[in-house]
Amino acid sequence: MTQFASHVIVLLFMNAKLEVLSRVFGYAAFRPGQEILIDALLDGRDAIAVLPTGAGKSVCYQIPALMTNGVTYVISPLVSLMHDQVGALRQCGVAAAYLNSTLTPGQYRKAIANAAQGMYKIIYIAPERLNTDSFRSLIAAQPPTLLAVDEAHCVSQWGHDFRPSYLEIRPFLETLPVRPTVAAFTATATQKVRGDIGELLGLRDPIRYTASFDRPNLFFDVKRVRGKADRDKALLSEIADANGRSGIIYCATRRNVDHVFEMLTDLGYPAARYHAGLPDDERRRAQDQFLLDERPILAATNAFGMGINKSNVSFVIHYNMPGDLESYYQEAGRAGRDGTPARCVLLFAAEDIFTQRGLIESSENGVKSPDDLRLSRERLERMIAYCTGSRCLRGKILRYFDEASPDACGNCGCCAAARESVDATDFARTAFSLIKATGGFFSVGTLARLLKGGTAPRTGEKYRGAVGFGAYEHWTLRRVDAWVNALADNLYLLTESEPYHRVLLTQQALEVLNGVECHIDIPAEHTTEHPESVSRIQTRKSSVNKQAPHGVEGAGLSRTSFGGTGGGTSAYSEELFERLRALRQSIAKDQKMPAYIVFSNATLYDMCEKAPVTIEQFLSVSGVGEHKARLYGHRFLEEIRAYSKNRSN
Ligand code: ADP
Ligand code: ZN
């Protein structure tokens, strides 16, 4: 991308923010929070905006920037973010630039000189540059009207992304002869960090807007797997369903990243890998290949992701259970930023619990204080609770962030399964009581025999007469066995690995026994036959798919013309989508920029749906502003025409 090749849009005649939203960004309506924040900033009021990823924070300061005289400066912690934002703005015809370490000294000087002459409306800057002489002289020539602080939680030491240079922002503001309006943006979830932001940035009576953390377009699911082969199988089945769309596979260890990468590459998938054990240049290349969709599937550790803006990520699969729900939600939340339906699937096996416990208790990363240990353990318990049981997954996430949530969201794996579940409360209570009364020194298979009132070779007559013994005498052993396995599958029971191989009650089982939780549902299909893990995964999957096919349909959007289930128009749209996606890819390649900066997936879907013929119709597509219509309109219209002609022949 050339540094200075932007068009300046003259917005003299535009005073309505909605008109800017439509003409520049190509969107017809504001999303929740955007209008309130834009109005506040246009009024000269400071703001703290807490909006989840993908909610559309950028336009909240970009629109005021375009509607006021003078320059808006945006402080951003990462060069990748600045690069994307400036690229996206230029695609919309907005004169924007960044000042950071990726520029050569010559380029930097030139950018400063251009900026000083007022060539840019929006300038992104790294916080470390604020107090440099060159920037100070720029500020003297072009004082800020508005200062936006992106990823504002970096100012807080309580957050995991603390950046000391963010603490320079407040003193910097105090040195300015005229204080600009200041707006802080973050997607952080913790109260403590949110509190720090206003204080440490020196905001004055800011308006605070906190949006819901719900991401309705994300479909959440947890898939219970047994052993490595099963994990791989579940992963491959997800990848096959993704049908070439882009996604991330998060793994707990570098070794797993390597394993997943090699497996996918061997099978011919365009995958890349990213972890801290790889040389810098290899990591950078992997990131670029992923962002540019040359290799749309990325296997990575949690080292990957901070500052990644890729909007067309259609799935995030966790190959292993992470250690806490906040990290999980942050990583999973990298899917579906463009608002189109996306899948967040966690592959979970009981051994993940032992791995995470091991990580907490190990002193590898320094000795932890008792408080830290307790917190980590509590966080892990919440994570395990997310993976187990049968309650709505979205509900569990929102409650974690102290948000009210309905009992059932209708768009997660548990809600899908609950439609076909049976009440297992009495059975579970009886089984749990028997374990509690006897100490559980036997296997899950023996537990079934005891409930049936039989004896087992190892235990003999020992437990005859115990609470629950023979309570399910009238059932077939196969059936009792299936139900006991279903309880184990849904993580009410665990088998201790050593020393006794006992059956253990999990926290959630104890809650049922103690009356804290008073209802247990298990998927009906778990109870009808002896579960065979692989076939079950497939059955569950197909029932989930009916609800929300991969990528597009059924996840809270009204779009109906996509997805693999229907006939009719779906094949038509899917094929057109592929053609438009290929065109977008070739344009992006020519311009050496990520495809999602040319057009987001959401825009391509809308384009398929509207199938515009004229440039006016093209402009009505969501995400097509005037500049992009001029740049790309004819090529996309041509593709759509060619496609329609092909079909009618
Ligand atoms: P955030 O920074 O909050 O994660 P972005 O600013 O990157 O989110 O916006 C996410 C996506 O939503 C972008 O593709 C953006 O163009 C799009 N977007 C923003 N506002 C709107 C809107 N009002 N209508 C439709 N799409 C929007
Ligand atoms: Zn749900």
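Visitor: Where does R334 lie?

Guide: R334 lies in the loop between α12 (325–332) and β13 (342–348), where helices (H or I, at least four residues) and strands (E, at least two) are DSSP runs, numbered from the N terminus. The model is predicted, so local features need pLDDT of at least 70 and side-chain atom pairs count only at pLDDT 80 or more, whereas totals for chains, interfaces and linings use all residues. Residues are numbered from 1 along each chain as its sequence is written, chains are lettered from A and ligands numbered from 1 in the order in which they are written, and side-chain values use heavy atoms, with hydrogens and water left out.

Visitor: Is R334 buried or exposed?

Guide: Buried means under 20% relative accessible area, exposed over 50%, and partly exposed in between (1.4 Å probe, protein chains only). R334 has a relative accessible area of 13%, so R334 is buried. R334 and S314, which are 20 residues apart in sequence, stand 8.9 Å apart in space, C-alpha to C-alpha.

Visitor: Where is Q85, and how far apart in space are Q85 and Y124?

Guide: Q85 sits in helix α4, which covers residues 79–91, and Q85 counts as buried because its relative accessibility is 10%.

Visitor: Which residues come nearest to ligand 1?

Guide: A residue is near a molecule if one of its heavy atoms lies within 4 Å of it. There are 14 residues around ligand 1, and those that come nearest are Y27, A29, G54, S58 and R337.

Visitor: What lies 2.6 Å from an oxygen atom of ligand 1?

Guide: An N or O atom in the side chain of Y27 lies at that distance of 2.6 Å from a ligand 1 oxygen. The backbone takes part as well: a backbone N or O atom of G56 is 3.1 Å from an oxygen atom of ligand 1, and a polar backbone atom of A55 is 3.4 Å from an oxygen atom of ligand 1. Taken alone, ligand 1 exposes 570 Å², of which the protein buries 82% (areas by the Shrake-Rupley method with a 1.4 Å probe).

Visitor: What is the phi of D402, and where is D402 placed?

Guide: D402 is a residue other than glycine with a positive phi, near 60 degrees, and its place is in the loop between α15 (393–400) and α16 (413–418). With a relative accessible area of 68%, D402 is exposed. D205, which is not a glycine either, has a positive phi of about 40 degrees; D205 is placed in the loop between α8 (191–201) and β7 (207–210), and its relative accessible area of 58% makes it exposed.

Notes:
A polar contact is a pair of N or O atoms within 3.5 Å; within protein, one must be able to donate a hydrogen and the other to accept it, and residues adjacent in sequence count only if both atoms are side-chain atoms.
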